[in-house]
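This report describes the side-chain interactions of one structure, moving from charged pairs to aromatic rings and nonpolar groups. The sequence and the structure come before the discussion.

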Amino acid sequence: AGAAVMLLEWGDMHRVHRRWGYAGIAFLAVNLLIVPGLLFPAMQIDQELRALSFRPARIGFVGVLAAALILGIVSQRPTLFGGYLYIAFPAFALLVLNWAWFPIVFWVMVVTWSTDIFAYFAGRSIGGAKLAPKITPKKTWAGLVGGLAGAAVVGAITAVAFGLGSPFTWAGGFMGVIAQAGDLFESWLKRRAGVKDSGSWLPGHGGALDRLDGLVVVATLTALVQIGGWLR
């Protein structure tokens, strides 16, 4: 549902007719509801099996890429191709992480939330030089450092509490920086599209893209690392 709202907002930002947004939602339903049920059957709950085989996840990501290509070609809007990847990849990544082990999903979300919270309070209380004034006038270097520190501490605590081990115990700070980079990227997209917020369904907070811009990159990167077999 969140991915569907994000895709509609993306289409509106880039002045794509709503019919293509609804077509994209149909593709999302296949990639996020039907395909995962086939790739990750509910009875496959053996932890060793999950640790050894991420081939289904790779197949799923290829399916997302195929859907994005078809949507972009049929609609003749390259921006819709990019938008579908930007939204569907992280949404599927969260499903993959949930299949691997739900505490990883919780870690991803906690790290992203703590980044936003600590960056906000550090930026408000300390202020100082702007981080990227040409993209967004509100973000500061103090906020970047505060978000990094908050994500590092909260990420480490969460990793220890759930027994996630390395690299989750030390990767929170890095992911905090990645989350803020995702935030800046979405701000750049809005500036390029000439809009202040991606949507208006959350008064004072904008739309789904505004709220989930950090989560999309953290979820994607964490899933790719997991699939790459670099985690133990």
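Asp183 counts as buried, at 13% relative accessibility, where buried means under 20% relative accessible area, exposed over 50% and partly exposed in between, with a 1.4 Å probe and protein chains only. The model is a predicted one, in which local features need pLDDT of at least 70 and side-chain atom pairs count only at pLDDT 80 or more, while totals for chains, interfaces and linings use all residues. Residues are numbered from 1 along each chain as its sequence is written, and side-chain values use heavy atoms, with hydrogens and water left out.

The side chain of Asp183 meets that of Lys139 in a salt bridge with an N to O distance of 2.9 Å, a salt bridge being a side-chain nitrogen of Lys or Arg within 4 Å of a carboxyl oxygen of Asp or Glu. Because Asp183 lies in helix α8 and Lys139 in the loop between α6 and α7, the pair ties together parts that are 44 residues apart in sequence; helices (H or I, at least four residues) and strands (E, at least two) are DSSP runs numbered from the N terminus. Lys139 is partly exposed, at 25% relative accessibility.

A search of the whole structure finds four salt bridges, and the table lists three of these pairs.

| Salt bridge | N to O distance |
|---|---|
| Asp12 and Arg18 | 2.8 Å |
| Asp183 and Lys139 | 2.9 Å |
| Glu186 and Lys190 | 3.7 Å |

Asp12 is partly exposed, with a relative accessible area of 39%, and Arg18 is partly exposed as well, with a value of 36%. Glu186, by contrast, counts as buried at 2% relative accessibility, and Lys190 is buried at 11%. Both Glu186 and Lys190 lie in helix α8, four residues apart, which is about one turn of the helix. Salt bridges that share partners join Glu186, Lys190 and Asp210 into one network.

The structure holds eight aromatic pairs, and Phe185 and Trp188 form one that is stacked, at 5.9 Å centre to centre with 25° between the planes. Rings of Phe, Tyr and Trp (its six-membered ring) pair if their centres lie within 6.5 Å, and planes under 30 degrees apart count as stacked, over 60 as edge-to-face and the rest as tilted. Phe185 is partly exposed at 38% relative accessible area, as is Trp188 at 35%. One aromatic cluster is formed by Trp10, Tyr86, Phe185 and Trp188.

The largest nonpolar core has 54 residues, of which Tyr84, Ile87, Phe92, Val96, Trp107 and Val108 touch the most other members. Such a core is a set of buried Ala, Val, Leu, Ile, Met, Phe, Trp, Tyr and Cys residues joined through side-chain atoms within 4.5 Å. Helix α5 (78-100) is among the elements that give two or more residues to this core, and its share of 14 residues is the largest. Leaving aside neighbours within four places in sequence, Ile87 is in contact (heavy atoms within 4.5 Å) with Ala3, Met6, Leu7, Trp10 and Leu209.

Finally, Phe102, Phe106, Trp113, Ile117, Phe118, Tyr120, Phe121 and Phe162 make a nonpolar surface patch of about 840 Å², and the largest share of the patch, seven residues, comes from α6. Patches are made of residues with over 30% relative accessible area and no salt bridge, with like charges joined within 9 Å and nonpolar side chains (Val, Leu, Ile, Met, Phe, Trp, Tyr) within 5 Å. Phe106 has its place in helix α6 and is partly exposed, with a relative accessible area of 31%.

Definitions and conventions. Accessible areas come from the Shrake-Rupley method with a 1.4 Å probe; for residues, only the protein chains shown count as cover.
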